[in-house]
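Have the structure open and follow along.

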Amino acid sequence: MSTAGQVIKCKAAVAWGPAQPLSVEEVEVATPKKGEVRVKILATGVCHTDAYTLSGKDPEGEWWPIIFGHEGGGIVESVGEGVTSVQPGDHVIPLYMPECGQCKFCKSGKTNLCSVVRSTQVRGLMPDETTRFTCKGQKVYHYMGCSTFSQYTVLLEISIAKINPKASLDKVCLLGCGITTGYGAATKTANVQPGSTVAVFGCGGVGLSVIQGAAARKASRIFAIDKNPKKFEYAKKLGATDFINPDDYDKPIQQVLTELTDGGLDYTFECVGNTKLMRAALESCHKGWGESIIIGVAGAGEEISTRPFQLVTGRVWKGSAFGGVKGRSELPNLVEDYLEKKLEIDMFVTHQFKLENINKAFDAMHDGFGDCIRAIVNFE
Ligand SMILES: NC(=O)C1=CN([C@@H]2O[C@H](COP(=O)(O)OP(=O)(O)OC[C@H]3O[C@@H](n4cnc5c(N)ncnc54)[C@H](OP(=O)(O)O)[C@@H]3O)[C@@H](O)[C@H]2O)C=CC1
Ligand SMILES: N[C@@H](CCC(=O)N[C@@H](CSC=O)C(=O)NCC(=O)O)C(=O)O
Ligand SMILES: [Zn+2]
Ligand SMILES: [Zn+2]
């Protein structure tokens with residue numbers, strides 16, 4: 001029976017305040033307005049950025065109660081007025097980085113940072129300054145324009161990538177953030193060249209995806225750097241050639257790496273969110289041309305530093321959001337790569353939970369034993 005045109009009551013994990021466990025509640029999900037789409041979420045990954053904002057330390061995340069989640073996969077349930085690019089039944093990935101195709105950023109051809117709705121999205125609102133969720137009579141805020149920790153969510157049409165329905169949503173949901181971010185950072189932001197040398201600081205879901213991207217670009221040496229040696233098993237399978245635990249050395253990691261690579265690396269990537277490691281990653285780059293890409297999200301108020309001489313002498317510091325990938329036009333190609341077995345995703349799914357146990361998914365992510373790359377919440 002169609003639910004189009006009706007308010008849907010369903011389950012969602014609601015965050016009522018910072019640093020509290022999520023609470024699975026019945027929520028009401030309003031009908032999609034003009035340019036909006038209501039999506040039934042089948043699976044969602046849990047990303048460190050969800051935990052970061054839940055911790056209360058995200059300067060852009062002060063809106064409670066809120067429904068987190070931004071790494072989902074689902075099926076279109078109904079569409080609002082004027083929506084033409086998707087229809088009920090389409091398989092989709094929500095995008096925290098929209099692609100409107102019209103704004104200054106989209107038209108520049110230089111960036112994926114579509115900014116047309118950012119001012120409302122970071123305040124947990126739809127562009128009309130309202131939300132589509134209520135719970136216990138209270139307004140509930142959206143998160144990163146996605147809110148995938150809900151059985152149903154409302155998204156903007158420009159925040160949806162339509163994908164091949166042959167792909168399992170409980171795998172390709174990871175393209176909604178972690179895998180696309182790392183893979184894109186290597187293949188788009190850095191544009192790693194064949195034969196080059198690469199070092200990846202932090203081998204979680206994001207860093208491992210950088211490794212996969214660097215291997216796809218036929219880098220000659222790929223250093224996997226992590227304090228947790230269990231991550232090296234995954235790194236090796238994805239193409240890393242060298243494995244370094246900084247705790248095994250009594251000198252700075254940048255010195256270790258420059259000595260091992262005749263002066264430094266062509267590309268380095270920081271995939272932890274640690275500002276000291278960001279400096280180490282920059283200073284591990286080769287003089288004259290080495291590029292360091294910051295991907296990790298650092299804590300509020302933290303700043304990066306280095307001697308300006310590091311830049312004067314030709315090292316380049318860059319950042320990457322969502323891997324520089326334009327979600328609507330480029331993400332569906334990654335799904336095709338997955339279906340053609342050119343892109344590994346399955347290996348990243350190390351833990352699965354039902355929505356009722358979503359807090360255990362956060363625990364798994366934080367457990368520190370190194371056996372969780374990505375925890376998935378399955379809704380069905
Ligand atoms: N820019 C963007 O668009 C995006 C950014 N992010 C950010 O990227 C970062 C990485 O995400 P994700 O891969 O999911 O995170 P993980 O925590 O899964 O991975 C980080 C890895 O780095 C290890 N580590 C921690 N400290 C060090 C250190 N000093 N030296 C070497 N290794 C270290 C961790 O080990 P251990 O587990 O033992 O702590 C872990 O294995 C996060 O900050 C996240 O918020 C995520 C998605 C998009
Ligand atoms: N709000 C935080 C910064 C959060 C951040 O850097 N987000 C990344 C995506 S992280 C995904 O897991 C991003 O792409 N940001 C681009 C944007 O426009 O928000 C803070 O203020 O520190
Ligand atoms: Zn994320
Ligand atoms: Zn745009």
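Let's start at ligand 1, where a backbone N or O atom of Val-297 sits 3.0 Å from one of the ligand's oxygen atoms. That pair is a polar contact, meaning two N or O atoms within 3.5 Å; inside the protein, one atom must be able to donate a hydrogen and the other to accept it, and sequence neighbours count only if both atoms are side-chain atoms. Before going further: this is a predicted model, where local features need pLDDT of at least 70, side-chain atom pairs count only at pLDDT 80 or more, and totals for chains, interfaces and linings use all residues. Residues are numbered from 1 along each chain as its sequence is written, chains are lettered from A and ligands numbered from 1 in the order written, and side-chain values use heavy atoms, with hydrogens and water left out.

| Residue | Protein atom | Ligand atom | Distance |
|---|---|---|---|
| Ser-320 | polar backbone atom | nitrogen of ligand 1 | 2.9 Å |
| Arg-374 | polar side-chain atom | oxygen of ligand 1 | 2.8 Å |
| Thr-49 | polar side-chain atom | oxygen of ligand 2 | 2.6 Å |
| Asp-58 | side-chain N or O atom | nitrogen of ligand 2 | 2.9 Å |
| Arg-118 | polar side-chain atom | oxygen of ligand 2 | 2.7 Å |

How much of ligand 2 does the protein bury? Taken alone, ligand 2 exposes 540 Å², and 72% of that is buried by the protein. These are accessible areas from the Shrake-Rupley method with a 1.4 Å probe; for residues, only the protein chains shown count as cover. Around ligand 2 there are 14 residues, with Thr-49, Asp-58, Glu-60, His-70 and Arg-118 the closest. A residue joins such a shell if one of its heavy atoms lies within 4 Å of the molecule. The shell of ligand 2 splits into nine nonpolar, two polar and three charged residues. Here Ala, Val, Leu, Ile, Met, Phe, Trp, Tyr, Cys and Pro count as nonpolar, Asp, Glu, Lys and Arg as charged, and the others, Gly among them, as polar.

Back at ligand 1, the shell holds 25 residues, and the closest are Asp-226, Lys-231, Ile-295, Phe-322 and Arg-374. By class, they come out as 11 nonpolar, 10 polar and four charged.

**The zinc sites**

Which protein atoms hold the zinc ion (ligand 3)? Its protein donors are Cys-47 (SG), His-70 (NE2) and Cys-177 (SG), at 2.0 to 2.3 Å. A donor is an N, O or S atom within 2.8 Å of the metal (3.2 Å for Na, K and Ca); water is not among the atoms, so sites may look incomplete. The arrangement around the zinc ion (ligand 3) is tetrahedral because its four donor atoms subtend angles of 97 to 126°. Along the chain, the donors of the zinc ion (ligand 3) are spaced C-x22-H-x106-C. Cys-47 is in the loop between β3 (36-45) and α1, and His-70 is in the loop between α1 and β4 (71-79), so the pair ties together parts 23 residues apart in sequence. Those helices (H or I, at least four residues) and strands (E, at least two) are DSSP runs numbered from the N terminus.

The zinc ion (ligand 4) is coordinated by Cys-100 (SG), Cys-103 (SG), Cys-106 (SG) and Cys-114 (SG) at 2.3 Å. Its site is tetrahedral too, with angles of 104 to 115° among the four donor atoms. The spacing of these donors reads C-x2-C-x2-C-x7-C.

**Domains on record**

An unreviewed UniProt entry places "domain: Alcohol dehydrogenase-like N-terminal" at residues 34-155. That span is 13% helix and 27% strand, with its end C-alpha atoms 11 Å apart. UniProt, again in an unreviewed entry, puts "domain: Alcohol dehydrogenase-like C-terminal" at residues 205-336. Over residues 205-336 the chain is 39% helix and 15% strand, and the end C-alpha atoms lie 20 Å apart. UniProt positions are given in the numbering used here, feature names are shortened, and annotations may be inferred rather than shown by experiment.

Definitions and conventions. Four donors count as tetrahedral if all angles lie between 85 and 135 degrees; four count as square planar and six as octahedral if opposite donors are over 155 degrees apart and all others between 65 and 115; anything else is irregular.
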